[in-house]
Each structure stands twice: as structure tokens, then as C-alpha cells.
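Hello,

Here is the structure I promised to pass on. Have a look at it first, and then read on for what turned up.

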Amino acid sequence: MSKDGTASSESAVNPMAMAVLNAIQNPVVMVDEGGFIAFANWEAEAFFGASAAHLSRYRISTFIPFGSPLLALIDQVRERKAPVNEYRVDLSSPRLGQDKLVDLYVAPVIAEPGSVVVVFQERSMADKIDRQLTHRAAARSVTGLASMLAHEIKNPLSGIRGAAQLLEQSVVDDDRALTRLICDETDRIVSLVDRMEVFSDERPVDRVPVNIHSVLDHVKAVAKAGFARNIRVTENYDPSLPAVYANRDQLVQVFLNLVKNAAEAVGDRQDGEIILTTAYRPGIRLSVAGTREKISLPLEFCVIDNGPGVPTDLLPHLFDPFITTKPNGSGLGLALVAKIIGDHGGIIECDSQNNRTIFRVLMPASKDASLDDAAIASSTGPNR
């Protein structure tokens, strides 16, 4: 393709492919082996403030800040011939404008050796990771509250309950229901405080390599024997997935909670379905506060349901304590899920729209090879 502007970059793209790329609501560019912008969709023209014909005359380095990580990512993709994601990349410059914080997806173009495609997402996974870190902070704030409640509330409640039991022996039958109500309500408050005490447990998590498919199979068996007996539960597993470095009992607790929530969302609808999926997503990395280290989170586990979805105004606060849509819910279930996943170095996020809600857990893989392929295969079987 000519770089003197005599030929538009669109001439190398067939009309159908160009229509599809122009329909994407994210800037998409193809960078050839020389670093020139070989193609730009309409959103890319708006993003860079120039036409595709103008962009095709210049290298991508002309339009982005000097020393941008994007250039290193492009070189990395060319070398590895594998796609890479990078989050929260600052492309702010006088040319592009201020506050240009984007997520990047860079992938090789197999049919054009040396060429890569770059997708810019101005609001994506980075926002969800930020919310997840906020969820962890919220969970930590509950820790202090739980410790205080355990001491300051449970002891007086035991006295109140004891007094109500003594009073019950000397009151008439009409008043006995009131003393029973006092006992029941104190028991309910003690139960709530007991659940909150879990947040104050700061002991290190005892972790080993765990086969996630054995965990999900166990969760499915429990669900089908109880709360999801009338709901279709299907699986779409990657049988070659490596082990996850985790505490098995806590993972069971996490996914039982998520599957139970999905079952309650589906309710009694005839076509109700819950889908459990596992996949390997290389390129997902999370920055660790206070260091330059980035943790890789390649393991993706999803619980998907076709219920009515989460209200839009509730979605950003879904993992905060005491947030619930259930009439009798405490709002601690998802907060505890977020704490457990956070203690494991992972993140959890939720995408929801009408008739489709996805709870997505991203976690690090185990570095211990003690879980062999035979053990993995024995509990996964073929994709179902």
C-alpha cells in the first residue's frame, strides 16, 4: 500500500469487512510491518481526529505520546505472534486530548505477516478492576465493624435473650408470643453478626493447586440436589486448563453462592438456565499497589444465567456490603465472595443485561505442577 496518500487504506479491505469494522463502537486500526497505519475504522478516525487516508500516510508513533507502551506492545505481539491486553494506558497528549486513558487489545494479523490490529477501549476492564479494588476496601471496612459488633452486641444480646426466656415462664399465653419474638429476633441478629465475623478473619489462606472443574462439578451436584433441581445447568469447560492456586473449600463457597444467586434470579421460568464456563485468557494482568509488579490472571471462570438481570443503578455497588435486591437478604453474600477472591489475588466482575447476567472470576494459575494432566482429565471429561 502506498504511504504517499495516493491510495486509501480502505482499498485493501473488502466492503463486507469494512462495514463490520465500521460498525464496531471502538477505534480499530491495523498497523503494518513498517509501523504505518494500514487501516482505520470510523471510530479510529474520530479518536485520532484525522481521516483514514490521512492516517495511512504516517506511522502509529506519529499520533501517540513519545515512549508510549503501545509501541512496545506492538513489538511484543509481532515477536510472540500472540494477542496481548494492556489496561489503563495513558495516551493523553496535545494531539489526542487530555484524559485519554484506554485499554488496549493488540493481536497479530495472520494473513499479513508483521501486521497487527489494535483495538482501543476508552472504558472497559480497567474500570471494573478499579471497582473490584474498591470492593476490597469496602470489605476491609466491614472487618473493623465486625470485630466491634462481636464484642459490643453479642454479649448484651445473650442477656436480653436469657431475660426473655425467664419472662416467658411467668407471662400469660397471650404475651408468650411476644417473648418468643424477642428470642427469635435476638437469634437473627446474632446470626448476622456471626456472618460478619468472617470479614475479620485475616489469617493467610491455606492454598494448594486445585482442579477448578472438580470444584464446579461438586457445586453443580449440590445445586441440582437442592435449590436448582428444576433448572438446567450446563457446562462449557476448557479441559486443558491448568490448576488454580486456591483453597478448595473457599472456592466451593464462592461458586455455591454465585450459582444460588443465579438460581434465584432465574426463578420458576420454564427456560431457565445456568451455564458454568472455564477458559484461559492470556494477557489479563493486574497491577499491584505499591510495586511495579503485575499479576497475571489468565484463568476465567463464569456463572451465567438468563434471569432478568441486575438493575443498572445497583451494578456498580453489587459487591459492597449490605447491598441486596432480596427482600430478606443481608447483602453480605457477594461482599464475602469479593473478599475471598481478593484474598486469592483475583478479581470478580459482573456484566448484566436483560436475560443475561455473567459473574466472571479471574484468578492466577498455580505455579505448582503437582496436579498432573491425568488428574485434570479425570474430573473434567469432554466439554458438555
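How much accessible surface does the protein chain have, and what share of it belongs to carbon and sulfur atoms? The accessible surface comes to about 19900 Å², and 54% of that belongs to carbon and sulfur atoms. Accessible areas here come from the Shrake-Rupley method with a 1.4 Å probe, and for residues only the protein chains shown count as cover.

Please keep in mind that this is a predicted model: local features need pLDDT of at least 70, side-chain atom pairs count only at pLDDT 80 or more, and totals for chains, interfaces and linings use all residues. Residues are numbered from 1 along each chain as its sequence is written, and side-chain values use heavy atoms, with hydrogens and water left out.

**Confidence and overall make-up**

The average pLDDT (the predictor's confidence in each residue, from 0 to 100) is 77 for the protein chain, and 73% of the residues score at least 70. Over residues 1–11 the pLDDT is below 50, and this stretch has 20 contacts in the model beyond near neighbours in sequence; a contact means heavy atoms within 4.5 Å. Residues 369–384 also have a pLDDT under 50, with 26 contacts beyond four places in sequence.

The protein chain has 11 helices and 14 strands. These are DSSP runs numbered from the N terminus, with helices being H or I of at least four residues and strands E of at least two. Of the 384 residues, 42% count as buried, where buried means under 20% relative accessible area, exposed over 50%, and partly exposed in between (1.4 Å probe, protein chains only). Among contacts between residues at least 6 apart in sequence, 65% join residues at least 24 apart.

**The antiparallel sheet**

On β5, V31 stands opposite V116, and on β2 it stands opposite I37. Strand β1 (residues 28–31) pairs with β5 (residues 116–121) over four bridges, while three bridges join β1 to β2. β1 and β2 form a hairpin with five residues between them, and G35 in the turn has a positive phi of about 90°.

In the loop between α4 and β3 you will find K81, which is exposed, with a relative accessible area of 63%. K81 has a positive phi of about 55° although it is not a glycine. Most residues other than glycine have a negative phi.

**The mixed sheet**

What is the strand order in the open sheet with mixed pairing? The order is β7-β9-β12-β14-β13, with β7 (232–236) and β13 (347–353) as the edge strands, each pairing on one side only. The twist averages 15° from one strand to the next. β13 and β14 (residues 356–363) run antiparallel and are joined by seven bridges, and I347 has L362 as its bridge partner in β14. Helix α8 (residues 212–225) packs on the sheet, touching β7, β9 (273–280) and β12 (299–305), and its direction makes about 175° with that of β9. Helix α10 (residues 333–343) lies across β13 and β14, at about 140° to β13.

**Two residues to look up**

N247 sits in the loop between β8 (244–246) and α9 (248–266). N247 is buried, with a relative accessible area of 15%, and touches V205, D206, R207 and H344, leaving aside residues up to four places away in sequence. A polar atom of its side chain lies 3.0 Å from the backbone nitrogen of Q250.

R161 belongs to helix α6 (residues 154–168) and is partly exposed at 23% relative accessibility. Beyond four places in sequence, R161 touches R180, C183, T186 and D187. R161 and T186 are 25 residues apart in sequence and 6.5 Å apart in space, C-alpha to C-alpha.

Best wishes

Methods. Polar contact = N/O pair within 3.5 Å; in protein donor to acceptor, adjacent residues only side chain to side chain. Pairing = 2+ DSSP bridges. Axes fitted to C-alpha atoms, helices over the stretch in contact; angles between N-to-C directions.
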